[in-house]
Amino acid sequence: MENDTDVSWDRKVDLLVAGAGPGGMTTALVGALEELDVLVCEKSQQVGGTGATSAGTLWIPENSQSKAEGYKDSASEAARYLEGLIGEDGDEERRQVYLDDGPKVIDYLAERTEVKFSPCGRHPDYRNNIAGAGLDGRAIVAEQFDGRKLGQDFDRVRPPIEEFMLFGGMMVSKEDVACLVNRYKSIMNFTHSASIYIRYLIDLLTHKRGTRLTMGNALTARLFYSLRQQNVPVLFGSPIIELVVKENRVQGAIIENEQGRQSILARKGVVFATGGFANNPDFRESFMPKPLPPYSMASSYNTGDGLNIGKSAGAGIVVPSHKRSAFWSPVSVTKRRDGSNGLFPHILLDRAKPGLIAVNSQGQRFTNEACSYHDFVEAMYRSHEVINTMPAWLICDSTFVFKYGIGTIHPGTTNLRKVAEAGYATISDTISDLATSLGIKKNKLENTVRRNNEFATTGIDSDFGKGDLELNRFNGDADNKPNPCLGNIEKPPFVAVAVWPAEIGCSIGLKTNINGQVLNRDDKEIIGMYACGNDMSSIMAGCYPGPGITLGPAIVFGYRVAKHAAGRASTQS
Ligand SMILES: Cc1cc2nc3c(=O)[nH]c(=O)nc-3n(C[C@H](O)[C@H](O)[C@H](O)COP(=O)(O)OP(=O)(O)OC[C@H]3O[C@@H](n4cnc5c(N)ncnc54)[C@H](O)[C@@H]3O)c2cc1C
């Protein structure tokens, strides 16, 4: 133990980072590259947090990876879009810094580390009816990563959710899914599908799961691998529990692990990247809409420690005026092989496809089913103010399931009775019986289905405009005419899957400035205290402009925090 003034420090570093999700690991990595002595303390036994289970997409307007592939974009158009969507509720200064720095940060990581990204190409913003929205080039995703490179450390990478893996442990990307579903339609699709399957079988001889990592798992593994290359230590099972504050400055923090409590001096600061408040019942009660979402997709370790500890140090918490507290996805509840419940997020594979409607407890549609996952849940809440919409029911027929699948029911499934017996879906031979099973008045559901089938013929959804937005059509079926998102529901058995609201991340968080320095309730910096990731209040103020709007800011502000702590920020105060 060393002595520093009147505190006995067990360890001294420049930067202490709490949380090894994408936000924390980026901060630690950039800190090390900027010559800081960095220590990461992680509450769980693995890196990745919610980020490891995510799709791993980042929204970075004007990124150079997309430009190199010929996509044209404009950050000023993106700024116009954000202003149109978010309005005055957000923090324009942080938003602008994000847009200015985004491409630079991605290039910085790509040039100096193994954290590399590829462009997603066409990936429309979620509200292309607002000026400045983009249709392609803004989304990038972490390049696939070979987990074997991590050796023993591979087990330290939090696996994706079971529902996102095939055969119990094989990861697939969005592109892989398209190839697998159409594996008999071209030699290329077949060869690709066979190669990833064979690779998986080989992996199983030596590993507990597939080592061909994609999406958020690739991002996590790339960050962790790069941290290892920079010799940044990660202490597992070591949550931050308290700050040491003296003379209005954060001097360090207390972490707790098997060795007991340890005090860490952090000369340049302590960074909170503990993933937000998703699993903190008190914050849920204070911040979330009612009825409280019954499920969360966030890591169970994310219990609001950053917000709690920050609050006790006088930090401000930003609550957008309309209390948009989280980023949502509708989820269905699955039964896992070990008997536990899992959650399947209905992000993009089913809702937009032709021949699916979503209804409330009165059998009425309440939204454009092909809108973004976030907008879908906001619509559930709006509908629920009048009619019970918790759960909402996704309804389709057997043709739909065979072609596209629904939730965890894969395309090609013919034995729907088996799925129904497992309790995941309700099936019936008539719409009227289906309605009765769901407790919905049968004539109401029959009318809704009849109306849907009329829309399928005309190609115009005159109630909710399914298929109107580019996003709708992108996730629909281009071969389906006249509207890629509208199709008949006519061939029994008919299928219903219940969906509930769940958050994939929180948007309410600690108040910070453009360098991630935490501000107190009077908007003054708390010297030595930083936040990023979902511990930092979202620059999107709870709106969801496009794919990757939590990971993008987590990484960009993680970088800015590290640069500031190293005294090398472009806007050093
Ligand atoms: C299915 C799904 C898909 C998603 N897809 C995307 C996407 O494509 N793009 C996108 O932008 N977002 C996506 N998200 C959201 C995204 O994953 C999260 O917003 C993001 O991971 C937040 O990053 P973070 O670093 O703040 O937190 P996390 O990734 O959750 O990491 C927080 C870490 O902090 C640790 N921790 C908690 N408390 C403490 C403590 N006291 N001390 C030390 N460590 C602590 C946790 O164990 C965890 O490892 C998705 C989420 C889900 C569920």
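**Exercise 1. Cis peptide bonds.** Determine in which loop Pro291 lies, and which residue it is joined to by a cis peptide bond.

Solution. Step 1: Pro291 lies in the loop between helix H8 (281-287) and strand S16 (295-296). Helices (H or I, at least four residues) and strands (E, at least two) are DSSP runs, numbered from the N terminus. Step 2: the cis bond joins Lys290 and Pro291, with omega about -5 degrees. Step 3: a cis peptide bond also joins Met390 and Pro391, where omega is about 5 degrees. Pro391 is placed in the loop between helix H10 (373-384) and strand S21 (392-397).

Two conventions apply to these exercises. Residues are numbered from 1 along each chain as its sequence is written. The model is predicted: local features need pLDDT of at least 70 and side-chain atom pairs count only at pLDDT 80 or more, whereas totals for chains, interfaces and linings use all residues.

**Exercise 2. Positive phi angles.** Which residues have a positive phi of about 50 degrees although they are not glycines, and is each buried or exposed?

Solution. Step 2: Met215 counts as buried because it has 24 C-beta neighbours inside 10 Å. The cut-offs are 20 or more other C-beta atoms within 10 Å of a residue's own for buried, 12 or fewer for exposed, and partly exposed in between, with C-beta atoms placed from the backbone. Step 3: another is Glu247, in the loop between S13 and S14. Step 4: Glu247 has 7 other C-beta atoms within 10 Å and is therefore exposed.

**Exercise 3. Helix H9.** Identify the buried residues of helix H9 and the residue with positive phi that follows the helix.

Solution. Step 1: in H9 (residues 305-312), Asp305, Gly306, Leu307, Ile309 and Gly310 are buried. Step 2: Gly314 follows H9 and has a positive phi, near 90 degrees.

**Exercise 4. The ligand shell.** How many residues surround the ligand, and of which classes are they?

Solution. Step 1: the shell has 42 residues, the closest being Gly19, Gly21, Gly49, Gly275 and Gly533. A residue is near a molecule or strand if its C-beta atom, placed from the backbone, lies within 6 Å of it. Step 2: by class there are 17 nonpolar, 22 polar and three charged residues. Ala, Val, Leu, Ile, Met, Phe, Trp, Tyr, Cys and Pro count as nonpolar, Asp, Glu, Lys and Arg as charged, and the others, Gly among them, as polar. Step 3: helix H1 (22-33), strand S23 (494-506) and helix H16 (551-565) each contribute at least two residues to this shell.
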